[in-house]
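Good morning, and thank you for the time. I would ask you to keep the sequence and the structure in view while I speak.

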Amino acid sequence: MKKSVKAMRKSTWNFILNATMTLCMSAIIGIGFLIKYTLLSGQDRKEVYGQNVELYFLNMDRHQWGTIHLYLSFVLIGLLIIHVFLHWKVVTAVYQKIIKVQFTKRIVAISFAILCAILVIVPFFINPKVEVIKKGNGRQVTLVTDFDNTLNYFCTVN
């Protein structure tokens, strides 16, 4: 009887954790869409509204929503760490099943950890390219769809 009560408690906590992670991720996605498509950036505001206006939702502008977006991502990371910790036996069992060779397991695990660390740490060491805005031109927007310039940027030595 005790085992089933403990299992029920564990499954209840697991459900609450997963539901909270899902709500958090949904909020992050929704706020990202809000920032991108509703609370437009300066150049897009001019195009849509004919002048540079401020846009608010619930008395917050896109930058304030961006802060909430960031804080929710920290909460999600914390929940994800708890989730992995609680399911560590399952993670290691599946990993053992997928990769049989011990050396390969170590290489994959170390490579994965290094890649994750790089993705998290590198933004703190990036120096942005700074250009003075020419009077009357407004902010110069580079579209992600400009593949030729993006490809040239990554293929040339700076």
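This is a predicted model: local features need pLDDT of at least 70, side-chain atom pairs count only at pLDDT 80 or more; totals for chains, interfaces and linings use all residues.

**The salt bridge and the rest of the chain**

Let me begin with a pair of charged side chains: Lys129 and Glu131 form a salt bridge, with their closest N and O atoms 3.1 Å apart. By salt bridge I mean a side-chain nitrogen of Lys or Arg within 4 Å of a carboxyl oxygen of Asp or Glu. A search of the whole structure finds one such salt bridge. Both Glu131 and Lys129 are exposed. Here, exposed means over 50% relative accessible area, buried means under 20%, and partly exposed lies in between, with a 1.4 Å probe and protein chains only.

Residues are numbered from 1 along each chain as its sequence is written, and side-chain values use heavy atoms, with hydrogens and water left out.

Next, the overall architecture. The chain has six helices and zero strands, so that, by DSSP runs numbered from the N terminus (helices H or I, at least four residues; strands E, at least two), the order of elements reads α-α-α-α-α-α. Of the 158 residues of the chain, 11% count as buried.

Lys6, Arg9, Lys10 and Lys89 form a positive patch. Patches are made of residues with over 30% relative accessible area and no salt bridge, joining like charges within 9 Å and nonpolar side chains (Val, Leu, Ile, Met, Phe, Trp, Tyr) within 5 Å. Lys and Arg count as positive and Asp and Glu as negative, while His and the chain ends are not counted; the place of a charge is taken as NZ of Lys, CZ of Arg, CG of Asp or CD of Glu. Which element gives the largest share of the positive patch? Helix H1, residues 2-38, does, with three residues; Arg9 has its place in H1.

There is also a nonpolar surface patch of about 530 Å², made by Leu70, Tyr71, Phe74, Ile77 and Ile81. The areas come from the Shrake-Rupley method with a 1.4 Å probe, and for residues only the protein chains shown count as cover. Phe74 sits in helix H3, residues 62-86, and is partly exposed because its relative accessible area is 48%.

Returning to helix H1, Ile29 lies within it. Ile29 counts as partly exposed, since its relative accessibility is 41%. Ile29 and His69 are 40 residues apart in sequence, and their C-alpha atoms are 8.6 Å apart in space.

What of the cysteines? The structure holds zero disulfides, a disulfide being a pair of cysteine sulfur atoms within 2.5 Å. Cys24 is buried because its relative accessibility is 6%, whereas Cys116, at 33%, is partly exposed.

Finally, the backbone between helix H2 (42-49) and H3. Leu58 lies in this loop, and its phi is near 55°, a positive value in a residue other than glycine. Most residues other than glycine have a negative phi. Asn59, in the loop between H2 and H3, likewise has a positive phi, about 60°, although it is not a glycine. Are these residues buried or exposed? Leu58 is exposed, with a relative accessible area of 60%, and Asn59 counts as exposed at 72% relative accessibility.
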